[in-house]
Amino acid sequence: LVERMRAYGETVFAEMSRLAAETGAINLGQGFPDTDGPRPLIEAAAGRIRDGVNQYPPGPGRPELRTAVAADRAERFGLEYDPAGEVYITVGATAGIAASVLATVEPGDEVVLFEPMYDSYAAVVSLAGGVRRPVPLRPGPDGRFTFDPAELRAAVGPRTRMVVVNSPHNPTGTVLTRAELEEIAAVCREHDLIALTDEVYEHLLFDGAEHVPLAALPGMRERTIAVSSVGKTFSVTAWKTGWVMGPAPLVRAVQTVNQFLTFSANGALQLAVAEAITGEREWVRGQRDALQAKRDRLSEGLDRAGFGVLRPQGTYFVMADVRPLGFEDGLELARALPHSAGVACVPAQVLYDRVEEGRHLVRFAFCKRDEVLDDAAGRLVRAFA
Ligand code: PMP
Ligand code: GLN
C-alpha cells in the first residue's frame with residue numbers, strides 16, 4: 001500500500017456493520033434504509049435492463065438524466081447548468097467527490113474541511129497528496145452543531161485550494177443556514193478557493209429547514225463543484241448513481257480524471273432515475289416526513305436510555321453524547337454495545353482529525369422501520385436506564 005494511504009484501515013462503517021452481523025445486533029451504524037425506494041423507480045430500472053439497456057452509456061452520463069438533473073436544479077434553486085458540459089454522472093457521490101478532489105488539488109495544496117467529516121473526504125485528500133485543515137463543528141446550547149467563522153478564517157492560508165461543505169451534514173444533521181453559507185462564500189471569494197459541496201441529503205430536511213446550495217450565493221456558481229446522488233433521495237443506496245454540477249472548466253477537469261476511474265456509470269439506472277426526479281417528488285416528500293417522525297422516535301428512546309441527544313435538522317443520523325451514561329469514550333462504547341445491548345452505532349471520533357473533539361460522541365441511524373427503532377430503543381433502555 002502506498003505510504004499516503006497507510007493511515008487508512010477498514011472503514012468504520014464496514015467494521016460496525018460486520019460487528020452487528022456477527023453479534024446479531026440491530027444495525028443503527030451504517031446509514032442505509034431497511035425499506036426499498038419507490039416501486040415505479042425499481043420497476044423502471046428492471047424494465048430497462050430487460051429491454052436491453054445493458055451497454056456502456058456515454059462517459060458523462062445518459063443525456064436524459066443530465067437534462068433531468070439540470071431542470072430540477074433550475075426549478076428548485078434557479079441555478080442553470082448546461083446538461084452538455086456542466087452536469088456529469090458519476091458512480092455515486094463517492095466517485096464524484098474523489099474525481100473532483102483528484103482533478104483540482106495538487107500535492108501540498110491545503111483543503112479546509114468541517115469536522116466531524118464523512119470518511120471519504122480525508123482519504124481522497126490524502127490520495128491527492130493534499131493537506132487537511134479541519135474546522136470543528138461544535139454543538140451550541142440548543143444541541144445544533146455549527147462553526148466559528150474565526151476558526152474558519154484561521155484555517156485558510158496561502159496554500160489553501162478548496163473548501164469542502166456538506167449540508168445537510170453527516171454525521172451531525174446540521175443544515176447550514178444562508179448566513180452560515182455566506183460566511184463560507186465570503187472566504188472562498190476573498191481567497192479564490194474552489195468549493196466542493198456534498199448535497200446527498202438535500203431532500204432529507206426536518207422542521208421546515210431549507211436546503212440552500214452554496215452555488216446559489218453571489219460569486220459562487222463559477223467556483224463550486226456541487227455533488228449529489230440518488231441513494232438517500234430515493235432510498236436506493238446500492239445504486240451508486242450520482243452527479244457533479246459546475247462551470248464547464250471544472251466539470252471538464254472532473255471528467256478528465258473520472259474517465260479513467262470508472263469511465264461511466266450504470267446506464268439502465270440512469271434512465272430510471274431520470275424519470276423519478278420529477279415523477280417521484282411526492283414520494284420524496286413523504287419519505288422526508290416519515291424520517292422526521294423516525295428521528296423523534298429514536299431520539300426519544302435514546303433520551304430515555306440516558307444518552308445526551310443532539311437533535312439533527314436533516315439526514316439519517318442523530319448524534320448522542322455518552323457521558324451522561326457514565327462513559328468517556330464513544331469508540332469503546334460502540335465496540336461494546338453490540339455485545340452488551342444488541343445495538344450497533346458509529347463512534348463519531350473516527351470522523352475527526354482532532355479525536356478529542358468527538359471522543360464522547362456516537363452516531364445512530366434512524367432510517368429504519370418503526371418496529372426496529374422501538375426494538376433498539378427498548379434494548380438500550382434495558383441496558384442503561
Ligand atoms: N456523502 C455523504 C455525506 C454520505 O453520507 C454518503 C454516504 N451515503 C456519500 C457521500 C456517498 O454517497 P453515494 O452512495 O452516492 O456514493
Ligand atoms: N453514508 C453512509 C454512512 O455514513 C454509509 C457509507 C459507507 O458505508 N461508506 O453511514
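**Fold, sheet and ligand shells of the predicted model**

The structure is a predicted model, in which local features need pLDDT of at least 70 and side-chain atom pairs count only at pLDDT 80 or more, whereas totals for chains, interfaces and linings use all residues. Residues are numbered from 1 along each chain as its sequence is written, while chains are lettered from A and ligands numbered from 1 in the order in which they are written.

The protein chain contains 12 helices and 15 strands (DSSP runs of H or I with at least four residues, and of E with at least two, numbered from the N terminus). Its radius of gyration, 20 Å, is close to the 21 Å given by the globule rule for 385 residues, so the chain is as compact as a globular protein of that length (the radius is taken over C-alpha atoms, and the rule is 2.2 Å times the number of residues to the power 0.38). Among contacts between residues at least 6 apart in sequence, 72% join residues at least 24 apart (contact: C-beta atoms, placed from the backbone, within 7 Å).

An open antiparallel sheet is formed by 4 strands in the order β11-β12-β15-β14 (strands pair if DSSP finds at least two bridges between them). Strands β11 (308–310) and β14 (346–347) lie at the edges, each pairing on one side only. Helix α10 (residues 281–305) packs on this sheet and touches β11, β12 and β15 (361–365), its direction making about 15° with that of β12 (axes are lines fitted to C-alpha atoms, for helices over the stretch in contact, with angles from 0 to 180 degrees between N-to-C directions). Strands β11 and β12 (residues 317–321) are joined by 3 bridges, and Val 309 stands opposite Ala 320 in β12.

Ligand 1 has 14 residues around it, of which Gly 92, Ala 93, Thr 94, Asn 170 and Ser 229 come nearest (near: C-beta atom, placed from the backbone, within 6 Å). Helix α4 (residues 92–104) supplies the largest share of this shell, 3 residues. The shell comprises 3 nonpolar, 9 polar and 2 charged residues (nonpolar: Ala, Val, Leu, Ile, Met, Phe, Trp, Tyr, Cys and Pro; charged: Asp, Glu, Lys and Arg; polar: the others, Gly among them). Ligand 2 is surrounded by Thr 11, Phe 13, Gln 30, Gly 31 and Asn 170, a shell of 1 nonpolar, 4 polar and no charged residues.

Conventions: Contact = placed C-beta atoms within 7 Å.
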